[in-house]
Amino acid sequence: MARKFVRSFATWALALPGLGFSGLALALEWNLRPAGSKIAEDIHSLHEYVMILCTVIFIGVFSFMFYSVYAHRKSKGHKAAQFHENTTVEILWTVIPLLILIGIALPTTRTVIAQKDTSNPDLTIKVTGYQWKWGYDYVKGEGEGISFVSTLATPREQIENKAPKGEHYLLEVDNELVVPVGRKIRVLTTAADVIHSWWMPSFGAKQDAIPGFIRDLWFRADRTGTYRSQCVELCGKEHGFMPIVVRVVSQDEYSKWVGEKMKLIVAAADDPNKQYTMDELKKRGEQVYAKNCVVCHQANGKGTPPAFPPLDGSQVVTGAKDKQIQTVLNGVIKDGKATAMVAFGPQLNDVELAAVITFTRNNWGNKVGGEQGLVQPSEVKALREKK
Amino acid sequence: MSAVIDNHGHAHGHDGHHDHHGGYGGLMRWITTTNHKDIGTLYLWFSFLMFMVGGVLALAIRLELFEPGIQFFNPDLFNQFTTMHGLIMVFGAIMPAFVGFANWQIPMMIGAPDMAFARLNNWSFWLLPFAAALLVLSFFMPGGAPGVGWTLYAPLTVQMGIGMDLTIFAVHLLGMSSILGSINIITTILNMRAPGMTLMRMPMFCWTWLITAYLLVAAMPVLAGAVTMSLTDRHFGTSFFNAAGGGDPVLYQHIFWFFGHPEVYIIALPAFGVVSQVIPAFSRKPLFGYASMVYATSAIAILSFIVWAHHMYTVGMPVQGQLFFMYATTLIAVPTGVKVFNWVATMWKGSLSFETPMLFAMGFLFLFTLGGFTGLVCALVPIDIQIHDTYYVVAHFHYVMVAGALFAAFAGIYFWLPKWTGRMYDEALGKWHFWLTMIFFNMIFFVQHFLGLAGMPRRIPDYPLMFETWNKISSIGAFGFGLSQLLFLYVVLKAIRRGAKAPERPWEGADSLEWTHLPTPAPYHSFETAPVLK
């Protein structure tokens, strides 16, 4: 790998001068993403307007400097004038920029006010930032009650350079946020642990997700399609790996999607009172583990100590059931402060928790087995309610 | 501007000055010194060392970002690198560098024998190595250095290991050092000017530092408060920034940026000062609009305290808040514009020559103005909503921090090196250093504007494939930039060791006291009796 890297570095370093100006003609990403909403369009034109103004002023000011550099050189025998004040000029170049700023502020203010107006939405969705995934709850409007978690779908092998990277590398999720086209969508943001930030550049919408508080933003997508982005507030280790994907569909498709989703919710509702077998729970637990635990505790259960301790051979995992259930339910609080082991109680249901705990008690070198190794959802439910 | 170089205020000849290092030789001389020049030298070498450490961290970041995927550093370590790169560059490299300039130059420029509080001066320097040691040591603590970004946002700070506590203590020490240094600078400027050196006759460098020192005294305690609240949140459950305990994570950001925005000008104003000395010297023409420069600098300083929340447009402020901070922020463009116009007007109809200090000053002027324009773009709420926390912001602040502050520091070093050491640097190599730095700087950071516009978030160790080309260019530029700075070290060492002897007035256009009233190199004690100014 190292040699491949060096070769790539060297090739690029050598090729760059050659690219030169022709490189500029390449279709590279160099401007704001194509607008997908009215607000995003407004931002584009505002940006263009300000850039044109800046460029004109920049060229104006520096043409004076470069003319000086060209004409007023000592080597050309130019004698220095000794003026060092001119009240008229000084007043002019204070007042003119002020007027230009007012010319910028007026159209900008209009967009700011429009951007902030989250009233009368057609659909309200709550977005919760978790380390490191997004939770979506449809709280009002068509689809009310739909709720899912959206996690990075790019396989670890691609990130670790063990497999070729796909087209949507780092910008693909298991469950996309689905919204109808042309409707005003209000997004409430909040977070469970640290500050995250939800951003959809194509809609000109960005809002920090702050733990303990609810903030909001809105967008109205112009066209159907899939829009991709990422978390934009540093939220810890996996900050670069929690993408946001919004699929904008027609009203008919949206209604169809809601219908299917609702049926699925009813069908897939886990029954916490059912008794499961060890194999059922281990199989389900493996999936839950891969989605929620693997980035810290690793696939081999060895963790990355000291921040993320191993589960393989852990006393908590091989000890009393209740202790482990409580740890996963409520997270680990050390010396009065929350650790990276957050409470999974709010994120996972009783069946998922029972499954993942059963899985860790009977996987790798952990062989608890029997009555002690098998955690039924009812046991999790009892402890959850006790709390 | 007397043509005669007199030695009044300078009782000892050159040969005698080695006997006056406070009685110690070797290492103890540097530990016990109370001489403003020795302490200035210590500050400058310290900041160069930190510049190298911070630079290595930057190269590590650029190395990882050369290609998509995780190649060299795991995401956790990557976050530690970005955090420490920022802290070390801001607090360890740029700020001490300008305090070094202040120490060397202010007494000589105002006709004083030394700084007002000589022992305090020693202490404010010697706090720094301990702070730096704490920062570097945090890498070796369990859990490593904090990976939270240099802004140390709560509540992410609560999740960090003991390295976070070391960093907080380091920030305390750095703040103390800055406050003590500032009190010293204010006292020196206000009380120790030579007779006839009125405030409005002071060199612009002294003015910018006077205002900067007031900013430091006002802003640093606020930072100390913010990190102390984080410390008690971490260990004593105070919940200042924890909603579950009645606090608010956004409160941290308000406090931090109330310090953080003046901090921007704490870094920029001394740079303005250096450039205001260099441009007139090589234009052989007095600084245009001296009085308006003083007023503009003061206006920038005052405005800097009412614009902090423009760093926080996306936290969800009410629309009135966004509009207020947007209007206040754009207003800063007016006094900043005045300064740029004044510098250009100083060059206009001058008699220009382009030695290395002038090249760096012009590089500063050109690129800092570019950074100012992107600052205006960032100040506008709707546009900032798109580019906040993307590489556009990274590009913007590197234009003002590197092309602004660092270029000005280089200009100052080349400008005053002959005065400090009595030897000339190699002009050809100096020019090489400038052009390499200029080209590689733009190669690193100009393309980052595109990355930001296209949507690449900052502080990510891995990125989607569409950002690959610009990242490659940026990374290659970074290595070129890093190597060019080794050339700078070589130029300086070569000048000190075996540079040609500097003439008494190496720059004919430079006319502040250190050039007109002191020999070259400047004697160990500058003005034992005050010079007489007409």
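In which sense do strand S1 and strand S5 of chain A pair, and over how many bridges? Strand S1 (residues 123-130) and strand S5 (residues 185-191) of chain A pair in the parallel sense over seven bridges. Strands are DSSP runs of E of at least two residues, and helices are runs of H or I of at least four, numbered from the N terminus. Two strands count as paired if DSSP finds at least two bridges between them.

## Model and confidence

This is a predicted model: local features need pLDDT of at least 70, side-chain atom pairs count only at pLDDT 80 or more, and totals for chains, interfaces and linings use all residues. Residues are numbered from 1 along each chain as its sequence is written, with chains lettered from A and ligands numbered from 1 in the order written.

Chain A has a mean pLDDT (the predictor's confidence in each residue, from 0 to 100) of 88. Of its residues, 94% reach 70 or more. Over residues 21-25 of chain A the pLDDT is below 50. Where pLDDT is low, the predicted coordinates should not be read in detail.

## The sheet

S1 and S5 belong to an open sheet of five strands in chain A, ordered S3-S2-S1-S5-S8 with mixed pairing. Strand S3 (147-150) and strand S8 (215-219) of chain A are the edges. Gly129(A) has Ala191(A) in S5(A) as its bridge partner.

## Chain A against chain B

In chain A, 90 residues are in contact (C-beta atoms, placed from the backbone, within 7 Å) with 90 residues of chain B. H3(A) gives the most to this side of chain A, with 15 residues.

Notes. Contact = placed C-beta atoms within 7 Å.
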